[in-house]
Amino acid sequence: MTACSRSIVSRQTLPHQDLARRVTRALAHPLRKPLAAHTREAFARAQQWRHRRGAAPLILDAGCGVGLSTRRLAAQHPAAAVIGVDRSADRLSRDHGRLPDNALLVRAELVDFWRLALAEGWRPAQHYLLYPNPYPKAAHLKMRWQGHPVLPVILALGGRLELRSNWRLYVEEFALAVTQATGVAAEAQPFAPGEACLTPFEHKYHASGQALWRLVVELPHAPGLVPGGALPSVEERD
Ligand SMILES: C[S@@+](CC[C@H](N)C(=O)[O-])C[C@H]1O[C@@H](n2cnc3c(N)ncnc32)[C@H](O)[C@@H]1O
């Protein structure tokens, strides 16, 4: 263990007291943020790529960083179409070797990409949230996916949803939010990647001896979770 990566430092020691209120709010109030033009274009290209892959089951790698996990998931699931999405052009452009034919890396804003995906009826078989930015300050709850207004869209896509983090509280909060929003039981569990780390962040944390946590939940495709009008209209998508 030679790596040295700092553990999450937060004054928060329990699930945020405002979490349930924020989830209730996300389920009741439509998210009206306009779609970024670059994400609309990126989504259209991803849609065309998917069509070319026929009925291949879809795996989404949301916040894929440099795309190593996208490559590894594509190698592990050769019959699937694996799409890695990240907003960082810099990370996506790093050279990690040839992209498998069944993988696509997309530069896009996830909040918009997810809404477009749901509006187009995408149903990922698997959906990964691998080491999302933790936003450990309590005041930043609304930037964590479980406190974000886009949460109902993430859950509504359905499929096998897997979240991993080195911050136990993040995964515990996400589990509470999943159960509140969907009624499906979810819990944070310790996770040991062994030799086969899926992402660079996972490798860094694991090599530093940090505990890792994950949540895996099977969700139905449930567009009705999203409050009325929260999905982009056809005109917006044109
Ligand atoms: C901590 S890194 C983890 C990257 C990778 N999953 C890993 O484990 O190595 C979080 C990633 O999420 C991306 N990200 C955060 N918020 C995003 C958003 N709203 N839309 C798209 N990407 C986002 C960041 O650019 C960053 O690459």
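**From an edge strand to a helix**

Modeller: Strand β6 is joined by three bridges to strand β7 (residues 212-219), and the two run antiparallel. Within this pairing, F191 stands opposite L212 in β7. The model is predicted: local features need pLDDT of at least 70, side-chain atom pairs count only at pLDDT 80 or more, and totals for chains, interfaces and linings use all residues. Residues are numbered from 1 along each chain as its sequence is written.

Both strands belong to an open sheet of seven strands with mixed pairing, in the order β3-β2-β1-β4-β5-β7-β6. At its edges stand β3 (103-107) and β6 (189-191); each has a single partner strand, so one side of each is left without a neighbour in the sheet. From one strand to the next, the twist averages 25° (between N-to-C directions of axes fitted to C-alpha atoms, on a scale from 0 to 180 degrees). Strands (E, at least two residues) and helices (H or I, at least four) are DSSP runs numbered from the N terminus, and two strands pair if DSSP finds at least two bridges between them.

Helix α2 (residues 37-52) has 16 residues and reaches 23 Å from its first C-alpha to its last, close to the 22 Å expected at 1.5 Å a residue (1.5 Å times one less than the number of residues). Its buried residues are T39, F43 and A46 (20 or more other C-beta atoms within 10 Å of the residue's own; 12 or fewer for exposed, and partly exposed in between).
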